[in-house]
Amino acid sequence: MTLHLSKLGQKLTRRSGILELMDDLGKAMSEHPEMRMMGGGNPARIPAVETVWRRRMAEVLDDGDLYERMLANYDTPQGQRLFIETLARFLNQQFGWDLMPANIAITNGSQNAFFYLFNLLAGEQVSGPAKRILLPLCPEYIGYADQGVNPELFVSCRPEIKHLDAHTFKYHVDFDRLQIDESVAAICVSRPTNPTGNVLTNDEVERLARLAEDNGIPFIVDNAYGAPFPSIIFSEIKPIWNPNIILSLSLSKLGLPGTRTGILVAREEVIEAVSAANSIVSLANGNIGQTLVEPLLKGGELMSLCHNVIRPFYEERSRQAIAVLHETMGDDVDYHVHVCEGALFLWLWFPNLAITTQELYQRLKQRDVLVVPGHYFFYGLPEDWPHRNECIRVNYSQDPQQVREGLAIIAEEVRKTAQPSS
Ligand code: PLP
């Protein structure tokens, strides 16, 4: 038999960036234990957090027939009633919002939620030309790039680059470049941003929210790393929500990526649409993450875990990794690092590299260092931008010794290939 793939089949099976990334990650974990894992977005294993999930699982096993109900019952396509009610109350208490359970839907991971949202909103329309999702700050999360059933689902904008010191920079939304017209179905940002660790300022977020509202389109905010959980965000910025915002959360970076639990907070009609799509594509959601986490939301334990364990853990690891970076790069390498305000990554920029970062990635892999070459994160740009081939993403959160070795090898390889700075 020859497998004849449909157009969608071909799109879903081609070697996309996210496939390469997840493949590398899986192979490195199972076949190459010597590999320094600085590629994927796997959260770190934090013993104090793992103890909590182990304890919760024991409680589930001991709690009447909760374990059997968790495994044996299909959930509704919107998610577990109890979890959703508790979460609505929790978010209202934390942020003074006015959410009802009808404002929350669960999906099988937030990756899954984005597939629904992008394709529910953008692409071919019932009437009129096709629409796109606007990413106001490129580079943006690799995992969105290939999610469109329609080709070219995204249009994105180059940022302004602000140099904070000789080796540190920050991207800002370049509002002069943003063009919002009838062809834009929604605006979307990740905050904290994967891959850069950027946290868009309150001012940027408020301006984007206003622009979306003025144009009658939703503003999607991907809060996979932000507050209130997992709180891998190193400033006191609070998430914003209003009925024009679709806020996405995830249990993954709490150390539960295996449970595949994503959460959307949005106006009722969005939740109904996502639940309907969920019943067609997935029937129902996994129950395990919701069952493990619900009592911790109710009792406040999740918040203390985030504030006292998870956030300090990542903040310390990122601080250490940046210190090692400066030490290993020294003064003879032309390098810049994006200010790390959250998420799991250092975003490194080598303006005078004589090779592309795809080539650098290959050379690093030969030396057992796995990173992600930056070009995958630059999609939807209307023009070419050499910057796309000058950056890499490095996961700073794994074992500190491995991160130190990995950064030293990156520095060596960059030093070998860098042109003299101009
Ligand atoms: N959004 C961002 C910004 C991410 O970094 C990730 C995963 O790394 C996701 C969404 C998807 O996460 P999950 O499907 O595990 O909830």
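Me: Which residue in β6 is the bridge partner of Glu-160?

Reply: In this predicted model, Glu-160 has His-172 as its bridge partner in β6. The two strands, β5 and β6, run antiparallel and share five bridges. Asp-165 stands opposite Thr-168 in β6, and a hairpin of two residues joins β5 to β6.

Me: What makes β5 and β6 a pair of strands?

Reply: Two strands pair if there are at least two bridges between them. β5 and β6 have five bridges, so they meet the requirement of at least two.

Me: What makes β6 and β11 a pair?

Reply: There are two bridges between β6 and strand β11 (residues 336–338), in the parallel sense. The requirement is at least two, so β6 and β11 pair. Phe-169 has His-338 as its bridge partner in β11.

Me: Why is β6 called largely enclosed?

Reply: Five of the five residues of β6 are buried, so the rest of the structure largely encloses this strand. Thr-168, Lys-170 and His-172 are buried on one side, and Phe-169 and Tyr-171 on the other, which leaves both faces covered. In a regular strand, side chains alternate between the two faces of the sheet.

Me: Where do β5 and β6 stand in their sheet?

Reply: They belong to an open sheet of six strands with mixed pairing, in the order β5-β6-β11-β12-β15-β14. β5 (160–165) and β14 (372–373) are the edge strands, each pairing on one side only.

Me: Why is Asp-174 called buried?

Reply: Buried means under 20% relative accessible area. Asp-174 has 11% relative accessibility, so it counts as buried. Asp-174 is found in the loop between β6 (168–172) and β7 (184–190). Leaving aside residues up to four places away in sequence, Asp-174 touches Arg-158, Pro-159 and Glu-160.

Me: How do you know that Arg-14 and Asp-146 form a salt bridge?

Reply: The cut-off is a side-chain nitrogen of Lys or Arg within 4 Å of a carboxyl oxygen of Asp or Glu. For Arg-14 and Asp-146 the N to O distance is 2.4 Å, so the pair qualifies as a salt bridge. The pair links distant parts of the chain, 132 residues apart: Arg-14 is in the loop between α1 and α2 (17–31), and Asp-146 in the loop between β3 (132–135) and β4.

Me: Are Arg-14 and Asp-146 buried or partly exposed?

Reply: Arg-14 has 44% relative accessibility and counts as partly exposed. Asp-146 has 16% and counts as buried, because buried means under 20%.

Me: What makes Arg-56 and Glu-59 a salt bridge?

Reply: Their closest N and O atoms are 2.7 Å apart, and the limit is 4 Å. Both residues lie in helix α3 (residues 47–62), three residues apart, about one turn of the helix. Arg-56 is buried at 6% relative accessible area, while Glu-59 is partly exposed at 33%. Arg-55, Arg-56, Glu-59 and Glu-301 are linked in a network of salt bridges.

Me: Why is Lys-298 called exposed?

Reply: Exposed means over 50% relative accessible area. Lys-298 has 51% relative accessibility, so it counts as exposed. Lys-298 forms a salt bridge with Glu-294, with the closest N and O atoms 3.0 Å apart. Glu-294 is buried, with a relative accessible area of 6%.

Me: Why is Leu-120 called partly exposed?

Reply: Leu-120 has a relative accessible area of 42%, so it is partly exposed. Leu-120 is found in helix α6 (residues 110–121). Not counting residues up to four places away in sequence, Leu-120 touches Ala-273 and Val-274. Leu-120 and Val-274 are 154 residues apart in sequence, yet 8.2 Å apart in space, C-alpha to C-alpha.

Me: What makes β2 an edge strand?

Reply: β2 (104–107) pairs on one side only, as does the other edge strand, β4 (154–156). Their sheet is open and has seven strands in the order β2-β10-β9-β8-β7-β3-β4. Four bridges join β2 to strand β10 (residues 262–265), in the antiparallel sense.

Terms used
Residues numbered from 1 in each chain as written. Predicted model: local features only at pLDDT ≥ 70, side-chain atom pairs only at ≥ 80, totals over all residues. Heavy atoms only, no water. Buried < 20%, exposed > 50% of the residue type's maximum accessible area, 1.4 Å probe, protein only. Contact = heavy atoms within 4.5 Å.
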